[in-house]
Amino acid sequence: MSGYSRDVLVDTQWVEDHLDDPSIRIVEVDENPALYAEAHIPGAIGFDWRKDLQDQVKRDFLDPEEFGALFGSRGISNDHLVVLYGDRNNWFAAYTYWYLKYYGHDNVKLVNGPREKWISEGRATTAETPRHPAEDFRAEPGDEAIRAKRDEVFAALGVSTKLVDVRSPQEFSGELIAMAGYEQEGAQRAGHIPGAASVPWAQAVKEDGTFKSADELRELYSGKGVLNGNDIIAYCRIGERSAHTWFVLHELLGHDQVKNYDGSWTEWGNLVNVPIEKDV
């Protein structure tokens with residue numbers, strides 16, 4: 001599909017053709033979890049990114065045992081192909097994809113286009129929640145080859161590793177600490193990590209939310225000095241937009257040395273004694 005390095009996308013017609021396939025579990029993860037209750041793809045399982053996928057005490061995600069218990073309780077086993085989609089051009093769908101890969105579940109694909117595309121095409125939706133028998137889902141130890149933590153980001157300053165800030169230009173420059181409407185989730189300081197390239201995540205998709213071709217994506221990231229052969233760390237505000245960019249770079253373009261810094265600016269902008277840059 002469009003010259004991508006890995007077979008990791010399915011289109012909406014493919015999903016419609018496989019709605020009754022018992023070997024597949026379709027999963028919706030939205031930035032606005034209320035959307036799932038209103039309408040979703042028939043048979044799709046809904047996850048609330050904040051309540052289901054995050055630790056409820058510390059700012060971190062679930063450990064392997066909790067992650068496996070969650071997916072198993074919803075009827076997802078290690079044998080299922082997990083097909084992900086959501087709103088906001090698949091912010092949290094891509095994040096959940098990265099999350100699954102982190103815990104060793106490689107049998108996963110992303111719908112090429114968000115829930116809005118499915119609905120705009122007049123395809124069937126439902127408000128009914130599917131009920132599946134519990135399954136056994138075993139999460140592997142986390143794959144640190146695709147996740148960066150703050151000490152690694154700090155160590156990357158001034159070396160060959162390329163940092164990619166995928167937030168809006170206003171967040172990158174320091175004009176805004178967080179996107180409009182998300183101020184309560186901002187950091188104490190505005191700006192960006194020194195040396196980071198600004199490549200807003202949305203530049204990787206077309207108007208309908210589907211991904212640009214591989215050639216277009218290579219031109220985009222090469223033009224920003226990202227695809228120079230060095231290791232890459234992507235970050236945003238809380239890790240979901242940067243997971244989308246990780247998906248583009250690692251899965252679609254086949255750059256193996258890419259990590260998502262899910263602590264992102266909410267962590268970095270609140271740390272003491274780490275450098276930041278501003279353009280305002």
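Residues are numbered from 1 along each chain as its sequence is written, and side-chain values use heavy atoms, with hydrogens and water left out. In this predicted model, local features need pLDDT of at least 70 and side-chain atom pairs count only at pLDDT 80 or more, whereas totals for chains, interfaces and linings use all residues.

Helices (H or I, at least four residues) and strands (E, at least two) are DSSP runs numbered from the N terminus, and two strands are said to pair if DSSP finds at least two bridges between them. On these terms, five strands form an open sheet in the order 1-5-4-2-3, with parallel pairing. The edges of this sheet are strand 1 (9-10) and strand 3 (45-48), each of which pairs on one side only. Within the sheet, strand 4 (residues 81-85) runs parallel to strand 5 (residues 108-111) and is joined to it by three bridges, and Val-83 stands opposite Lys-109 in strand 5. Helix 4 (residues 91-102) packs on the sheet and touches strand 2 (24-30), strand 4 and strand 5, contact meaning heavy atoms within 4.5 Å. The direction of helix 4 makes about 170 degrees with that of strand 5, where axes are lines fitted to C-alpha atoms, for helices over the stretch in contact, and angles run from 0 to 180 degrees between N-to-C directions.

Strand 2 and strand 3 pair in the parallel sense over four bridges, and Val-29 has Phe-47 in strand 3 as its bridge partner. In a regular strand the side chains alternate between the two faces of the sheet. In strand 3, Ile-45 and Phe-47 point one way while Gly-46 and Asp-48 point the other way, and all are buried, a term that denotes under 20% relative accessible area, with exposed over 50% and partly exposed in between (1.4 Å probe, protein chains only).

A further open sheet, of four strands, has the order 7-6-8-9 and parallel pairing. Strand 7 (197-198) and strand 9 (258-260) stand at its edges with a single partner strand each, so one side of each is left without a neighbour in the sheet. Strand 6 (residues 162-165) pairs with strand 7 in the parallel sense over two bridges, and Asp-165 stands opposite Ser-198 in strand 7. Helix 9 (residues 240-252) packs on this sheet, touching strand 8 (232-235) and strand 9, and its direction makes about 165 degrees with that of strand 9.

Asn-260 is found in strand 9 and is buried, with a relative accessible area of 0%. Its side chain makes a polar contact with the side chain of Ser-242 (2.6 Å); such a contact is a pair of N or O atoms within 3.5 Å, in which, within protein, one must be able to donate a hydrogen and the other to accept it, and residues adjacent in sequence count only if both atoms are side-chain atoms. Leaving aside neighbours within four places in sequence, the residues in contact with Asn-260 include Trp-98, Arg-147 and Trp-246.

Rings of Phe, Tyr and Trp (its six-membered ring) pair if their centres lie within 6.5 Å, planes under 30 degrees apart counting as stacked, over 60 as edge-to-face and the rest as tilted. By this rule the count comes to 23 aromatic pairs. Tyr-97 and Trp-246 form a tilted pair, at 6.3 Å centre to centre and with 50 degrees between the planes. This pair links distant parts of the chain, with Tyr-97 in helix 4 and Trp-246 in helix 9, 149 residues apart.
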